[in-house]
Amino acid sequence: MKCQFCDHPKTRVLDSRPGKDNNHIRRRRQCSECDGRFTTFERLEENLALVVKRDGRMEPFDRNKMLAGLRRSCTKLPIAEDHLTRIAGLIENRIQESRRRKLRSQVLGDWVAAALQEIHPAAYIRYSMVHRQIHDLQDLQKLLDEELP
Ligand SMILES: [Zn+2]
């Protein structure tokens, strides 16, 4: 999405919510170049990738659902809500820029986990335990060995 002020091709999604008709999505964007902010009203089907779950079922990507998962992973940790909405925006941008119509839920989970890893190790581990299906301490140890220096 081009900046409406300076035509710079990269903008960041600050917030997005469904429009009243449910066929459109309202996005608040900020330009990476001039920091100008503007609102777009985009058609839903042009925008949202389908998330393919492990069992093969598909559902439209849902920013709020992703945010809920982020919040759960960060419960009682000193992480500002701002950080989480920022991560959600980055992931949303990444999906759009990849131009994928379908995205496996594991890939999405890995992107979110990678973003959390930079913020807080405990949030990262909690998220990974849910989304990478870690079932026991052995699996957890494997994750730790793999990710920590
Ligand atoms: Zn701009």
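To follow how helices pack, picture each axis as a line fitted to C-alpha atoms, for helices over the stretch in contact, with angles running from 0 to 180 degrees between N-to-C directions. Helices (H or I, at least four residues) and strands (E, at least two) are DSSP runs, numbered from the N terminus.

The model you are looking at is predicted, and local features need pLDDT of at least 70, side-chain atom pairs count only at pLDDT 80 or more, and totals for chains, interfaces and linings use all residues. Residues are numbered from 1 along each chain as its sequence is written.

**The overall picture**

Let's start with the whole chain. The protein chain has six helices and six strands, and along the sequence they follow the pattern β-β-β-α-β-β-α-α-β-α-α-α. Of its 149 residues, 21% are buried (20 or more other C-beta atoms within 10 Å of the residue's own; 12 or fewer is exposed, and in between is partly exposed, with C-beta atoms placed from the backbone). Among contacts with a separation of 6 or more, 43% join residues 24 or more positions apart; two residues are in contact if their C-beta atoms, placed from the backbone, lie within 7 Å.

**Two helix pairs**

Helix α2 covers residues 63–73 and helix α3 covers residues 81–98.

| Helix pair | Angle | Distance between axes |
|---|---|---|
| α2 and α3 | about 135 degrees | 10 Å |
| α3 and α4 | about 140 degrees | 10 Å |

Which residues of α2 and α3 meet? Arg 63, Met 66, Leu 67, Leu 70 and Arg 71 in α2 face Leu 84, Ile 87, Ala 88, Ile 91 and Glu 92 in α3. By class, that contact has seven nonpolar, no polar and three charged residues. Ala, Val, Leu, Ile, Met, Phe, Trp, Tyr, Cys and Pro count as nonpolar, Asp, Glu, Lys and Arg as charged, and the others, Gly among them, as polar.

On the α4 side, Ile 87, Leu 90, Ile 91 and Arg 94 in α3 meet Trp 111, Val 112 and Ala 115 in α4. This contact has six nonpolar, no polar and one charged residues.

**The core**

In soluble globular proteins, nonpolar side chains tend to be buried together. A nonpolar core is a set of buried Ala, Val, Leu, Ile, Met, Phe, Trp, Tyr and Cys residues joined through C-beta atoms within 7 Å. The largest one here has 17 residues, and those touching the most other members include Leu 70, Ile 87 and Val 112. Two or more residues come from each of α2, α3, α4 (105–117) and α5 (121–131). Leaving out residues up to four places away in sequence, Val 112 touches Met 66, Leu 70, Ile 91 and Tyr 127.

**A serine in helix α4**

Ser 105 is found in helix α4. Is Ser 105 exposed, partly exposed or buried? Ser 105 is partly exposed, because 17 other C-beta atoms lie within 10 Å. Not counting residues up to four places away in sequence, Ser 105 touches Val 51, Val 52, Lys 53 and Arg 54.
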